[in-house]
There are 2 protein chains.
Amino acid sequence: MEVRNRYVATRRHIEGAPTEADFEVREETARWSPDSGEVLVRNLYLSIDPYQLNRMKRSSASHLAVDGILPGQRIAAYAAGEVVASASPEYAAGDVVAGVLGWEDYTLFRPSPAVLMSKVDASGGFPLSHHISVLGTSGMTAYGGLFEVGKPARGEKVFVSAASGSVGSLAGQFAKLAGCYVVGCAGTKAKVDLLKDKLGFDDAFNYKEEPDLKSALKRCFPDGIDIYFENVGGEMLEAALANMNPYGRVALSGVISEYTGAGRRAVPDLLEVIYKRITIRGFFAWDFLPRFAEFNATIGEWIRQGKVQVLEDVSDGLESVPSAFAALFSGQNVGKKLVKLA
Amino acid sequence: MEVRNRYVATRRHIEGAPTEADFEVREETARWSPDSGEVLVRNLYLSIDPYQLNRMKRSSASHLAVDGILPGQRIAAYAAGEVVASASPEYAAGDVVAGVLGWEDYTLFRPSPAVLMSKVDASGGFPLSHHISVLGTSGMTAYGGLFEVGKPARGEKVFVSAASGSVGSLAGQFAKLAGCYVVGCAGTKAKVDLLKDKLGFDDAFNYKEEPDLKSALKRCFPDGIDIYFENVGGEMLEAALANMNPYGRVALSGVISEYTGAGRRAVPDLLEVIYKRITIRGFFAWDFLPRFAEFNATIGEWIRQGKVQVLEDVSDGLESVPSAFAALFSGQNVGKKLVKLA
């Protein structure tokens, strides 16, 4: 079986903020045969995540954990799709799967424990898109980062940056469910209103309108911050450290402002870290893979009960991937950015 | 009872590297009476520690954890001394004590659970100086930082900066006893030789002779660093992060290069921290106070068995405190800096 496969590729390594012109849509012929051991998936929803930018750099600490992306090559990405043909006893045509597929129309994969892939259980009744957002890596990052790294206790004060983003919007809601006082920051008034009015944050502020981030956090947290769920880096991390309480925890999920090199890097006051005995811990979703099912059972129940609002920002068509991806770095998305394929 | 008490005081807040001229020796009359509830101690050994500089600043995160030092005032410091007169049933004249006393000839204290003070058990047979170095806060910092924060496993690779200092020299030896591969850095050839020849470090380098710290660490740790026992900050932290292994731990004990503002602050690559899932944790000796006796039992036994070498660098007389303290910041001490009073 042969299919024409369109895929998004980078034209070059990307070192700064990405633009649409950094990408192109290429075509190839994907070949599947019954004796290949492979599974052919037609992709339906693609996950568009900021961390992919680090993979696109020539050199990055990211390459230690995830393969770098070479110009002209296919780009592996979390996605959901439908099995079109299977040469594996584990999958059958018509199965719906979510896992590591790619920014492309079709993906071939060979089942193995090393391949992150799961069959979507339709009995849960969730939209397919949820399986690559709140029930995918975004939910896992938010849940694992908050509960395993942040370790919130009831009544603690939690600050979430990039709080209207895919991970931040969930981390903040999860922190509320843990009985915490939660403040988020975002970059527009509409996002700030969303955090307070729809997502139940106790407070929120527009960082672009704050002349001094330390003062803004002091105002929002007169009793200090216990947990900082960090998505942005730079000056925001410095300001959060200055406002943290003793034994505070920084769950270092991402530093999007530092990915593009546009913002300056954080220069943390390490005396704050020492004298407050702060813990800063880096992590990412896959650290929690062994507990994926357990996390999703809890998150799914919260969604059913209306306790968690899921924000998804969907673009249409493979050709929209470059603009959807670039938009992440100018703050144009709200919640999880996805691309729906026809 | 009245005694003439000489004490060291700062003349002003100190923001940069300290010099002798920043200090003066003042005199007062200390008054003790039998109904005061107080204990009068004649100090015998004073501990000279870099962290005191942070207390001398006008503003510092240090003030959150330890009282700031005001110009002209007495300076509380870890010390050992002999009880001269006691109005407390817990102490008697002739008792030898170690704990928070001061940079002065005599200190009055009122026993309470909030006052860090212990009677020295002479049966251990250790020199009195040991009770404010290896069996005092330096030992507690090294032991707690290595074992509780660093959590070394046998065979792991440990890097110690300022490795010939009071804490570093112990942390490195403790890491060897934990079965680790240990490399230290210091600022002179003599110190480097000391680390390798006397303290049993597997390797050591003179950071002042390395044009590129990242390369130096790459050379010393071809298989990467698992634990960084951090005493200096700045560029050294950046270089260590670049050479750390996944799930590495930074035990953030001190950042002496950043205390004086002379060196630039660390600008850590947070992508390293995220993608390697590094934990950076600040701590200080008093976090481990509940386990003081347990730690000291182990450390004391190691000393008796000749497994730990204790480096003490002793100056004589109260008037030598300012120069002894200033010397810490130009790397002139080897091991624990102490001042012995007449």
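Predicted model: local features only at pLDDT ≥ 70, side-chain atom pairs only at ≥ 80, totals over all residues.
Let's start with the domains. Chain A splits into domain 1, made of 2-133 plus 311-340, and domain 2, which covers 137-285. Their centres, taken over C-alpha atoms, sit 28 Å apart. Where they touch, 22 residues of domain 1 of chain A contact 16 residues of domain 2 of chain A. Together those two domains bury about 1300 Å², with 61% of it on carbon and sulfur atoms. And how many salt bridges cross that domain interface? Zero, by the rule used here.

Now for a pair of helices in chain A. Helix α2, residues 137-150, and helix α9, residues 292-304, have axes that come within 10 Å and cross at roughly 100 degrees. So α2(A) is roughly perpendicular to α9(A). On the α2(A) side, the residues in contact include A:Tyr143 and A:Phe147, and α9(A) brings A:Phe295 and A:Trp302, among others. Sorted by class, that contact has seven nonpolar, three polar and one charged residues.

Chain A and chain B bury about 3100 Å² between them, 68% of it on carbon and sulfur atoms. Keep an eye on A:Leu270, A:Ile274 and A:Tyr275: they supply 23% of the area chain A buries against chain B, more than any other three residues. Each chain puts 38 residues into the contact. This time the rule does find salt bridges, four of them between chain A and chain B. A:Asp287 pairs up with B:Arg277 in a salt bridge, with the closest N and O atoms 2.7 Å apart.

Key. Residues numbered from 1 in each chain as written. Chains lettered and ligands numbered in written order. Heavy atoms only, no water. Axes fitted to C-alpha atoms, helices over the stretch in contact; angles between N-to-C directions. Helix = DSSP H or I, 4+ residues; strand = E, 2+ residues; numbered from the N terminus. Parallel < 35°, antiparallel > 145°, perpendicular 65-115°, else oblique. Contact = heavy atoms within 4.5 Å. Nonpolar A, V, L, I, M, F, W, Y, C, P; charged D, E, K, R; others polar. Domains from an automatic or database assignment. Buried area = accessible area lost by both parts, 1.4 Å probe. Salt bridge = Lys/Arg side-chain N within 4 Å of Asp/Glu carboxyl O.
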